[in-house]
Amino acid sequence: MANVRSRISGTGHSLPQKVLTNADLEKMVDTTDEWITTRTGIRERRIAADDEYLSLFVAEASRRALEMAGLKAEELDLIIVATVTPDQPIPSTACFVQHMIGAKKAAAFDMAAGCSGFIYAVTVGDSFIRNGLARHVLVVGAEILSKYVDWRDRATCVLFADGAGAVVLSAEENGRGLLSSAIHADGSMAEFITLPGGGSKIPVSHAMIDANLHTIKMKGNETFKIAVRSLESVCREAIERAGLSPADVRWFVPHQANVRIINAVAERLGWPPETIYLNIDRIGNTSAASIPIALDELVRSGRVQPGDILLFAAFGAGLTWGSGLIRW
Ligand code: UT7
C-alpha cells in the first residue's frame with residue numbers, strides 16, 4: 001500500500017437559511033458593525049433555527065459530497081464527524097448520519113479537536129486509507145455554535161456561526177491527494193477557549209446554568225497571539241514534510257476565525273491575497289466546519305486546477321492546531 005494516498009473525490013456543504021447581520025447584533029449587544037468588521041472581517045453569519053440540529057446539516061453536506069464523488073453511501077467504509085456541538089452526548093452524531101444517508105457498512109464516530117477538528121479528522125481518515133483499512137472515508141466538520149453562545153457576551157456572540165462541510169477521501173495511487181499533514185495540541189492553555197459545564201466535571205444542574213457555565217468562554221486576545229505563531233509554524237511543517245516550499249502553494253484555505261490572523265499568517269509565508277480563500281465575511285467562524293465549507297465553495301467555483309497545491313490550516317480549543325497539504 002506504499003503509494004496509496006487519500007484524494008478528495010467530493011466536497012459538499014450545508015448552511016442554515018437564517019442570516020444574522022452585524023446590524024442585527026447591534027440591536028442585541030453593545031457593539032457596532034464597524035468594530036466587528038474591522039476586528040474580525042465578519043459581516044454576517046448563518047444561525048440555525050430552534051428546531052434545527054447538527055445531523056440535518058451534516059447529512060445534507062454529506063449527500064452533496066457523495067454526489068460529486070459519484071459514490072453511493074453504501075460504498076463508504078468510515079464516517080468521521082469532527083464537532084464539539086453534537087446532536088446529543090450519546091450516541092455520536094456520526095451514527096445518526098450513517099443511518100440518515102444509508103451508509104450501511106460504514107463504521108462511524110465523532111472527534112473533538114475544536115476548530116482544528118476537520119484537520120484532525122482528515123489525518124485520521126487518511127491513515128485508515130493508507131493502512132488499507134478503508135477505501136472511501138466521509139470526513140465532516142460541523143458545528144451549531146449558536147446554541148452554546150452567550151448571546152449577552154459581545155466578545156464571543158459576534159464571532160461564532162453554524163454550518164457543515166464534508167469531503168469524501170478515496171484511496172488513489174496516482175500521486176494526487178493528501179501529501180502531508182501535521183497536528184498538535186497544548187492542553188496547558190485549555191482555559192483559553194472553554195465551555196465548562198454540562199460534562200462529568202460540572203454536571204448539568206440549575207446551579208451550573210445559573211452560574212452561566214453552559215456557554216462558550218474565550219480569551220480572544222491571548223488566543224490571537226498564539227494562533228498566528230502556531231499557524232505559521234504548522235504551515236511550514238506540512239510544506240517541508242512534502243518537500244515543497246511556501247511558493248508552491250496555490251490556495252491557502254485557512255480556518256476562518258479572524259481575517260487579521262489569516263492575513264498575518266499569509267504575510268509571514270509570503271502569500272499574495274489571490275492565494276487566500278476567504279469567506280469569513282459571509283459565514284463567520286464555524287469552528288470545525290469552516291475549512292470544508294470554504295473548500296467546497298472554492299472547488300465549486302471552478303478555480304481549482306488539477307495539480308494545484310492547497311494548504312489547510314486551523315487553530316482552536318484545546319489548544320489544538322494543524323495543517324494539511326493536498327495536490328489536487
Ligand atoms: O476559532 C477558534 C480560535 N479562536 C480564535 O482564533 C480567536 C482569536 N481572537 C480574535 O479573533 C480576537 O482576539 C477577537 C476578535 C476575539 C477580539 O479582538 P481583539 O482585537 O483581540 O479585541 P480585545 O479582545 O483585545 O478587545 C478590545 C476591546 C475591549 O475593550 P477595552 O477593554 O479596550 O475597552 C473589548 O471589551 O474591544 C472590546 N470588545 C468589543 N467592542 C465592541 C470586545 N468585543 C467587542 C464587540 N464590540 N463585539
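## A ligand and its surroundings

In this predicted model, an oxygen atom of the ligand sits 2.9 Å from an N or O atom in the side chain of His255, a polar contact (a pair of N or O atoms within 3.5 Å). Taken alone, the ligand exposes 950 Å², and the protein buries 73% of that; accessible areas come from the Shrake-Rupley method with a 1.4 Å probe.

**Around the ligand**

- The ligand is surrounded by 24 residues, the closest being Thr31, Arg39, Asn221, Asn258 and Asn285; a residue is near if one of its heavy atoms lies within 4 Å.
- Thr31 has a polar side-chain atom 2.6 Å from a nitrogen atom of the ligand.
- For Arg39, a polar side-chain atom lies 2.8 Å from an oxygen atom of the ligand.
- Helix α8 gives the largest share of the shell, four residues; helices are DSSP runs (H or I, at least four residues) and strands are too (E, at least two).
- By class, the shell has eleven nonpolar, nine polar and four charged residues, with Asp, Glu, Lys and Arg counted as charged and Gly among the polar ones.

**A spot on the surface**

- Tyr53 belongs to the loop between β3 (44-46) and α3 (54-69).
- Tyr53 counts as partly exposed because its relative accessibility is 41%, where buried means under 20%, exposed over 50% and partly exposed in between.

**Reading the numbers**

- Residues are numbered from 1 along each chain as its sequence is written, and side-chain values use heavy atoms, leaving out hydrogens and water.
- Local features need pLDDT of at least 70 and side-chain atom pairs count only at pLDDT 80 or more, while totals for chains, interfaces and linings use all residues.

Definitions and conventions. Buried means under 20% relative accessible area, exposed over 50%, partly exposed in between (1.4 Å probe, protein chains only). A polar contact is a pair of N or O atoms within 3.5 Å; within protein, one must be able to donate a hydrogen and the other to accept it, and residues adjacent in sequence count only if both atoms are side-chain atoms.
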